[in-house]
Amino acid sequence: MNIGNRDDLGLKDSSGCACCSTAGAPAGADASATAVTSEVLVSGMTCSHCVMSVTEELTAIDGVEGVSVDLNAGGASRVSIRSAAPIDAAAVAAAVQEAGYTLAGSPS
Ligand SMILES: [Cu+2]
């Protein structure tokens, strides 16, 4: 393609070498630049096994790349779902129910 662009990309960045300056952005920006993170509240989780069940079900949803759970035993736990594109809310609700827990809404 246009080899002349290499100079523009590589030499502008004074903080790094050409191989890691493609974005010129903070670490972790490569794949997550277009990623979406949605957060939901799930009630009923009490231990790490609950977290595992919910994580497994949510990870099984098409497009989901990562799930993290902030366990709040006895209350509503905040669940972050990272995906390349927005995930259907109905699919999230179904996955949570499949795991045996209740979707308690969105934290925001
Ligand atoms: Cu449990």
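The figures below show a predicted model.

**Figure 1. Overall arrangement of helices and strands.** The protein contains four helices and four strands. Along the sequence, these elements follow the pattern α-α-β-α-β-β-α-β. Of the 108 residues of the protein, 25% count as buried. Among contacts between residues at least 6 apart in sequence, 65% join residues at least 24 apart.

**Figure 2. Pairing of strand β1 with strands β3 and β4.** Strands β1 and β3 run antiparallel and are joined by eight bridges. Within this pairing, V40 has V79 of β3 as its bridge partner. Strand β1 also runs antiparallel to β4, to which three bridges join it. Here the bridge partner of S43 is T102 in β4.

Figure 3. S38 lies in strand β1. Not counting residues up to four places away in sequence, S38 touches V79, S80 and I81. S38 and V79 are 41 residues apart in sequence, yet their C-alpha atoms are 8.2 Å apart in space.

Figure 4. The structure holds two salt bridges. In one of them, R78 pairs with E39, and the closest N and O atoms are 2.6 Å apart. This pair links distant parts of the chain, since R78 is in strand β3 and E39 is in strand β1, 39 residues apart. Both partners count as partly exposed, R78 at 36% relative accessibility and E39 at 30%. A salt bridge also forms between the side chains of E65 and R82, with an N to O distance of 3.5 Å. E65 belongs to strand β2 (residues 64-70) and R82 to strand β3, so this pair ties together parts that are 17 residues apart in sequence. E65 is partly exposed at 44% relative accessibility, and R82 is partly exposed at 35%.

**Figure 5. The buried face of helix α4.** Helix α4 spans residues 89-99, and its buried residues are V92, A93, A95, V96 and A99. Seen down the axis of α4, these buried residues fall within an arc of 160°, so they line one face of the helix. An α-helix has 3.6 residues a turn, so residues three or four places apart point the same way. On the other side of α4, Q97 and E98 are exposed. The cover over the buried residues of α4 includes β1 (36-43), α3 (48-59), β3 (76-83) and β4 (102-105). Just after α4, G100 takes a positive phi of about 105°.

**Figure 6. The copper site.** The protein donors of the copper ion are the SG atoms of C47 and C50, which lie 2.1 Å from the ion.

Conventions: Residues are numbered from 1 along each chain as its sequence is written. This is a predicted model: local features need pLDDT of at least 70, side-chain atom pairs count only at pLDDT 80 or more; totals for chains, interfaces and linings use all residues. Side-chain values use heavy atoms; hydrogens and water are left out. Buried means under 20% relative accessible area, exposed over 50%, partly exposed in between (1.4 Å probe, protein chains only). Helices (H or I, at least four residues) and strands (E, at least two) are DSSP runs, numbered from the N terminus. The arc is that of the directions from the helix axis to the C-beta atoms. Contact means heavy atoms within 4.5 Å. Donors are N, O and S atoms within 2.8 Å of the metal (3.2 Å for Na, K and Ca); water is not among the atoms, so sites may look incomplete. Two strands pair if DSSP finds at least two bridges between them. A salt bridge is a side-chain nitrogen of Lys or Arg within 4 Å of a carboxyl oxygen of Asp or Glu.
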